[in-house]
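Here is a short report on one protein model.

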Amino acid sequence: MKKDSFYRKLSTSELIDFIIKKYHQSLRLNNPKILKDLDYLTNKYKHKEQKIALIYELYMKFDNLIIKHIDKEEKIFFKAIKNLEKTIEVCKNIDPESVNECRNFIEQQEKEHMNIDELLMSIEKLTLNLKAINDPRFYEFLHKTNSIIYETKEHAKIEDFYLNEKIEFYLNLI
Ligand SMILES: [Fe+2]
Ligand SMILES: [Fe+2]
């Protein structure tokens with residue numbers, strides 16, 4: 001598989017940078033736009049399609065969860081992993097405390113991915129069953145939301161599988 005060898009060829013730091021540039025930036029850029037669309041659509045069409053207000057509520061929850069999650073990754077987890085990679089390159093002298101910390105963090109991240117995925121599935125189900133609204137903003141909203149749903153599934157898969165595989169390799173060296 002092409003993607004498979006691409007993710008495996010990257011170093012840990014390169015994969016982290018790729019995730020931030022492609023997936024984290026897209027969330028930071030598109031979520032505010034989707035929320036604006038939802039605000040507009042809810043105010044204008046909630047009497048015609050009540051599911052839109054429910055999607056707005058769920059999307060606010062999703063935004064809140066995922067932005068906190070990626071902030072934590074960038075500020076704490078990814079930084080720690082990059083340090084681990086550097087330390088191993090230099091001397092392999094890793095403090096066992098940081099290994100435990102790292103394993104706990106991976107576990108926590110996987111749980112958060114599952115919660116985010118559940119929320120996203122509810123949003124997806126509702127958007128698939130929406131009555132069409134004759135307004136270009138509606139189609140823009142659908143297009144952007146579908147992209148974010150697809151990207152977020154891919155994003156979590158890369159972290160849970162390819163990134164954790166690289167980290168496990170380091171942890172097993174210690
Ligand atoms: Fe992430
Ligand atoms: Fe994540």
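## Terms and model

Axes are lines fitted to C-alpha atoms, for helices over the stretch in contact, and angles run from 0 to 180 degrees between N-to-C directions. Helices (H or I, at least four residues) and strands (E, at least two) are DSSP runs, numbered from the N terminus.

The model is predicted: local features need pLDDT of at least 70, side-chain atom pairs count only at pLDDT 80 or more, and totals for chains, interfaces and linings use all residues. Residues are numbered from 1 along each chain as its sequence is written, while chains are lettered from A and ligands numbered from 1 in the order in which they are written.

## Overall fold

The protein has five helices and zero strands. Its C-alpha atoms fill a box of roughly 65 × 30 × 20 Å along the principal axes.

## Helix pair H2 and H5

The axes of H2 and H5 lie 9 Å apart, at an angle of about 155 degrees. The two helices are therefore roughly antiparallel (an angle over 145 degrees). Their contact holds 13 nonpolar residues (Ala, Val, Leu, Ile, Met, Phe, Trp, Tyr, Cys and Pro), five polar (the others, Gly among them) and eight charged (Asp, Glu, Lys and Arg).

## Tyr59

Which residues does Tyr59 contact, leaving aside its neighbours within four places in sequence? They are Ile34, Leu35, Leu38 and Ile123. Contact here means that C-beta atoms, placed from the backbone, lie within 7 Å.

Technical notes:
Contact = placed C-beta atoms within 7 Å. Parallel < 35°, antiparallel > 145°, perpendicular 65-115°, else oblique.
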